[in-house]
Amino acid sequence: MRDTETPCPNCGNPTTAGWAICQSCLRRYIEDIGSLAHVIPALRALADRTARIGGRSHAPSRGVAPLPISSHWQEQWERASRLMLDIASTVDIRYSLLRPESWRKAWRKAISNRNSLAASGRTPDLMLDLHATLIDFDGMMRERDPRVTVVSCTECGQRIAAPFGMRAGDCPSCGVRLDLEALVTEHERDARSRTVDGSPAELASWLSNVIGRRVSRKQVEWLLRSGRLHGCERLGSGRWRVVAGELLDASSHVG
């Protein structure tokens with residue numbers, strides 16, 4: 001039976017009676033809990049320096065002594081592990097008392113008690129906190145490409161990837177000298193005037209292909225569901241309509 005009088009606080013869809021979030025949000029929450037369970041071992045490997053981000057560079061051997069633990073990644077591992085314990089504590093409060101090393105036990109407890117997760121009054125906030133945390137880790141743990149804006153040559157129409165901050169350059173097709181700074185400004189001004197429809201993945205792709213702003217699907221989904229985009233409209237079936245300029249401004253503050 002549906003309780004249509006209680007909309008989901010994260011998306012507005014009706015919730016099942018006794019639940020704090022809707023079924024769609026619960027599926028996303030479970031998916032993000034699974035993502036966190038994959039991130040925690042990766043953070044542990046970074047803390048222990050058995051993994052690294054980016055390409056490897058040659059360094060001479062200095063002996064066999066182990067490298068010291070990275071305090072930064074150790075802190076991130078503890079942050080992620082404690083969040084998993086906090087999520088499980090909405091099912092059983094005793095999990096809040098466990099040590100971070102027990103995160104796997106907490107993960108199994110959480111995903112095997114989905115109805116209890118959905119019924120907890122803390123779940124709507126924890127769901128957003130978890131998604132924001134995953135976005136933080138996504139930004140920390142992947143090597144980023146430099147920001148570019150794709151513009152068109154004023155002479156031949158060739159599409160050109162203009163690196164951020166580059167003021168001028170020659171078109172690789174016709175050789176004409178271009179004022180890249182002016183082209184980027186005009187391009188963004190035109191893009192800001194539009195509304196864009198799409199799923200979070202499609203909106204992330206639009207930002208990358210049209211503006212050159214590289215963000216992930218999860219980052220766009222977080223912006224949509226956390227209320228950062230005041231002019232957005234939910235179209236249904238996982239699709240949204242957003243004001244391009246608002247999406248562009250908000251995306252500059254994530255990742």
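The side chain of Arg122 makes a polar contact with the side chain of Ser89, at 3.3 Å. A second polar contact links the side chain of Arg122 to the side chain of Asp86, at 2.7 Å.

**Arg122 and its surroundings**

- You'll find Arg122 in the loop between α4 (114-119) and α5 (123-141).
- Not counting residues up to four places away in sequence, Arg122 touches Asp86, Ser89 and Thr90.
- Arg122 is partly exposed, because its relative accessible area is 37%, and that value falls between the 20% and 50% cut-offs.
- Along the chain, Arg122 and Ala20 are 102 residues apart, yet their C-alpha atoms are separated by 8.3 Å.

**The chain as a whole**

- The protein chain has 255 residues, and 43% of them count as buried.
- Its secondary structure comes to nine helices and nine strands.
- Take the contacts between residues at least 6 apart in sequence: 56% of these join residues at least 24 apart.

- Mean pLDDT for the protein chain is 81, with 85% of the residues reaching 70 or more.
- Among the elements, α3 has the highest mean pLDDT, 96, while strand β1 (residues 2-7) has the lowest, 60.
- Over residues 55-67, pLDDT stays under 50, and the model has three contacts beyond four places in sequence for this stretch.
- Where pLDDT is low, the predicted coordinates should not be read in detail.

**Where α2 meets α3**

- Two packed helices are described by the angle between their axes and the distance between the axes.
- Here the pair is helix α2 (residues 71-89) and helix α3 (residues 103-111), whose axes come within 8 Å and cross at roughly 35°.
- The α2 and α3 crossing is left-handed.
- On the α2 side, the contact is made by Trp77, Ser81, Met84, Leu85, Ile87 and Ala88. On the α3 side, Trp103, Ala106, Trp107 and Ala110 make it.
- Sorted by class, the contact of α2 with α3 has nine nonpolar residues, one polar and no charged ones.
- Gln74 also lies in helix α2. Gln74 counts as buried because its relative accessibility is 18%, under the 20% cut-off.

**Helix α8 and what comes after**

- Is Glu221 buried or exposed? Glu221 counts as buried, since its relative accessibility is 8%.
- Glu221 has its place in helix α8 (residues 217-225).
- If you leave aside neighbours within four places in sequence, Glu221 is in contact with Arg28, His131 and Pro200.
- After α8 comes Gly227, which has a positive phi, near 85°.

**Helix α9**

- Helix α9 (residues 244-251) has six of its eight residues buried, so the rest of the structure largely encloses it.
- The buried residues in α9 are Ala244, Gly245, Leu247, Leu248, Ala250 and Ser251.

- Asp179 sits in the loop between β6 (177-178) and α6 (180-192).
- From there, the side chain of Asp179 reaches the backbone nitrogen of Ala182 at 3.1 Å.
- With a relative accessible area of 45%, Asp179 is partly exposed.
- The C-alpha atoms of Asp179 and Arg167 are separated by 6.3 Å, and the two residues are 12 apart along the chain.
- Ala162 is found in strand β4 (residues 159-163), and its 2% relative accessibility is why Ala162 counts as buried.
- Ala162 and Glu181 are 19 residues apart in sequence and 8.7 Å apart in space, going from C-alpha to C-alpha.

How values were computed. Residues are numbered from 1 along each chain as its sequence is written. This is a predicted model: local features need pLDDT of at least 70, side-chain atom pairs count only at pLDDT 80 or more; totals for chains, interfaces and linings use all residues. Side-chain values use heavy atoms; hydrogens and water are left out. Helices (H or I, at least four residues) and strands (E, at least two) are DSSP runs, numbered from the N terminus. Buried means under 20% relative accessible area, exposed over 50%, partly exposed in between (1.4 Å probe, protein chains only). Contact means heavy atoms within 4.5 Å. Axes are lines fitted to C-alpha atoms, for helices over the stretch in contact, and angles run from 0 to 180 degrees between N-to-C directions. A crossing is left-handed if the near helix is turned anticlockwise from the far one by less than a right angle, and right-handed if clockwise. Ala, Val, Leu, Ile, Met, Phe, Trp, Tyr, Cys and Pro count as nonpolar, Asp, Glu, Lys and Arg as charged, and the others, Gly among them, as polar. pLDDT is the predictor's confidence in each residue, from 0 to 100. A polar contact is a pair of N or O atoms within 3.5 Å; within protein, one must be able to donate a hydrogen and the other to accept it, and residues adjacent in sequence count only if both atoms are side-chain atoms.
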